[in-house]
Amino acid sequence: MASIKEHSKTPERLVGGHRLCGGCGASIAVRQVLLGAGADAEVVVGAATGCLEVSTTALPYSSWNTSFIHNAFENAAATITGVEAAYQGLKAAGRIAQDKQIKFVAFGGDGGTYDIGFQSLSGALERGHDFVYVCYDNGAYMNTGIQRSSATPHYAWATTAEVGSALAGKPQRRKDLTSIVAAHHIPYVAQASVGNWKDLVDKAERAFATPGPAFINVLAPCPRGWRYDSSQTIEVSRLAFKTKFWPLFEVRDGIWSMKEVREKDVLPLEEFLKVQGRFKHLFKPGNEHLIERLQTEVDEAYEYIRKMCVITA
Amino acid sequence: MAEVTVLAATGNMMVAEAFRQAAPDVIAAYPITPQTAIVENYAKYVAEGRVHTEFVAVESEHSALSACVGASAAGARVVTATSSQGLALMYEELHIAAGMRLPIIMANANRALSAPINIHGDHSDVMGGRDSGWIILFAETAQEAYDNSIIAFRVAEHPAVQLPVMTTLDGFITTHAMERCELLDDGTVEAYVGKRRPQNPLIGGAAPVGHGMFASLGGTYFELKQAQRRAVCGSAPHILTEGQKWAAVCGRDFDFIDSFACDDADYILVVLGSAAGNARVVAKELRAAGIKAGVAKIRVFRPFPASELRDVLQGAKAVGILDRSDSFGAPYAPVGLDVRTALYDLDTRIPTRNYVYGLGGADVTLDAMRQAFSELQSLAAGHLDQGLSYLGTR
């Protein structure tokens, strides 16, 4: 794995001046992931419709120092694998050099990945293209205004899962997309967070180095949607890790491994919830059982990954 | 000199051969009746090592065209094939492929749309894409499907065109019926289609490029759409030139409209695709009986050849417009709307009747054609009003 000194020499592939919000987790995720491609690699980036895409490609400008393609919302995986197929086909035709190496990566939000782009992603993984898919998971449809997705946490407020006398935010648990992707038995799957940069960049490096499909689900907090101050993105990400809400794990050729939270560092889930306005209704008297329920679900999910690590070791 | 192999083949077989001969770098496709044989045949070429093409066996038609968009933007020569519900599922991508100005060649086996579900031939699927910015060609026969498919590469990839082309053939009638066909040798086709010279490819270019960028409020979106209209309309002379170049190679004529006995005709039926044959048979019959009947078959549907059609129809006393789809709630069916619009610019008003026929593969009989021609005579004589009717329903 490259050192921070080496990474510091890698040219920025997503440059400043884009229009994402201050404190946006998506741009941090993208810059960290692209460090993992290595300094010299030629990279083609694909993006699903979403905050990242609209904020970095407003004509006549582009914030990308790489070749870039956006197609639509639900098809970033199909599109980037079309690009990868072109690379294979043009190589076979002798129209590009046999030794020419290009990295293909697609970025989609949780709406574009967990929900509307789920089929496209699953198909692309199953076909075995050589590409990396990165989901920047901010837990809702932020670009359209904080609507709930299947990545939205249980009981979180969203504009289509409101809080009122009849409803306490989203009534359903979130989808465990990373495990579902692991069930495709592709060579590399990881879950990471912008709050643990070294872990994320190392995972990106492994993803890019792996022949075949690789997937990384990156927790990328959204100050607007989560209702916290934009200076707190990294802190909130770290709380997600320390409260076990967002376990950092990877699945390499079917072997699961987890970066465990050190026992002395483990925090109760409230520490993650209380800094975010989207969970504030949970702290109203009478809602204690909701937090307890959420804590149980988080513990169960964490335990599931632990067990997978044991089973596949 | 071109070597010609005469063979018995279906439209699907001929389209697959045309694709093979054009040597695409990528095919991304999904099975759907009655197109499936195209991708099955192509999968055989791949398995036999006869092509270098990367075969992307996607999980849906939406992903098929999405992958084609990525591959074409990357600089590859790209083909796909679909039909009916598959084309409908691609609707979003039809507009994106055209708006991004990406050459993609897609065969469509024209088929009815649900509901009720029906797998047989009509033009309901294609008409859903007629405003999407694709160049759309209609084939009457397996031979024409082959010729159109080959010409499509030259047109789509032409530096002044840079648009996707849909080359269509009628489901089951043209896709599955075995006909006498002529297949030219690979070298001749290869020499005609040449290699794609991509503009601003994602890979292999000198500098990074951006495809599918964001154009929000303001003039850019609006102006790009104006440029798109110019591009589609402006593709017409290139379609004619490239089509006629192929005509010189293969010895079969090419034009926007295939007119049969229209020069002095009093009564003309306008038709797309496979029904043209029956219309011609009846026109011949009527000619033998001293009635001046003609048939105008539209081969290039988008861009719509309005002025060429006016030239063909201007001397007629009445025109019948055959539509194998409907535009529910519109004053006329799709071809009816276009043909009547074209005729509006003539000084003399030609009365028309619009006939919806053969939906869901319903038989298109000679009697139905006789009825249409007979009604045109009544229309011209003032005994029948203009309007739309369904031809051949019980």
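This is a predicted model: local features need pLDDT of at least 70, side-chain atom pairs count only at pLDDT 80 or more; totals for chains, interfaces and linings use all residues.

Residues are numbered from 1 along each chain as its sequence is written, and chains are lettered from A, with ligands numbered from 1, in the order in which they are written.

As for pLDDT, this is the predictor's confidence in each residue, from 0 to 100. Chain A averages a pLDDT of 97, and 100% of its residues score at least 70. Among the elements of chain A, strand 6 (residues 214-219) has the highest mean pLDDT, 99, whereas helix 1 (residues 4-7) has the lowest, 90. By elements I mean helices (H or I, at least four residues) and strands (E, at least two), which are DSSP runs numbered from the N terminus.

Returning to B:Q85, this residue lies in helix 4 of chain B, residues 84-89. Leaving aside residues up to four places away in sequence, B:Q85 touches B:I32, B:L113 and B:S114, where contact means that two C-beta atoms, placed from the backbone, lie within 7 Å. B:Q85 and B:I32 are 53 residues apart in sequence, yet 8.4 Å apart in space from C-alpha to C-alpha.

A contrasting case is helix 1 of chain B (residues 11-22), which is largely enclosed by the rest of the structure, because 12 of its 12 residues are buried. Those buried residues include B:M13, B:F19 and B:R20. From its first C-alpha to its last, helix 1 of chain B reaches 17 Å, close to the 16 Å expected at 1.5 Å a residue; the expected span is 1.5 Å times one less than the number of residues. After helix 1 of chain B comes B:A23, whose phi is positive, near 50°.

Now to the two chains together: 38 residues of chain A are in contact with 38 residues of chain B. On the side of chain A that touches chain B, helix 4 of chain A gives the largest share, 13 residues. By class, that side has 19 nonpolar, 17 polar and two charged residues, where Ala, Val, Leu, Ile, Met, Phe, Trp, Tyr, Cys and Pro count as nonpolar, Asp, Glu, Lys and Arg as charged, and the others, Gly among them, as polar. Strand 2 of chain A also pairs with strand 9 of chain B (residues 210-211) in the parallel sense over two bridges, pairing being defined as at least two bridges found by DSSP. There, A:F68 has B:G210 as its bridge partner.

Finally, chain B is assigned domain 1 (4-250) and domain 2 (257-391), with bounds from an automatic or database domain assignment. Taken over C-alpha atoms, their centres are 28 Å apart. Their contact takes 26 residues from domain 1 and 19 residues from domain 2 of chain B, and strand 6 of chain B gives the most to the domain 1 side, with five residues.

Technical notes
A residue is buried if 20 or more other C-beta atoms lie within 10 Å of its own, exposed if 12 or fewer, and partly exposed in between; C-beta atoms are placed from the backbone.
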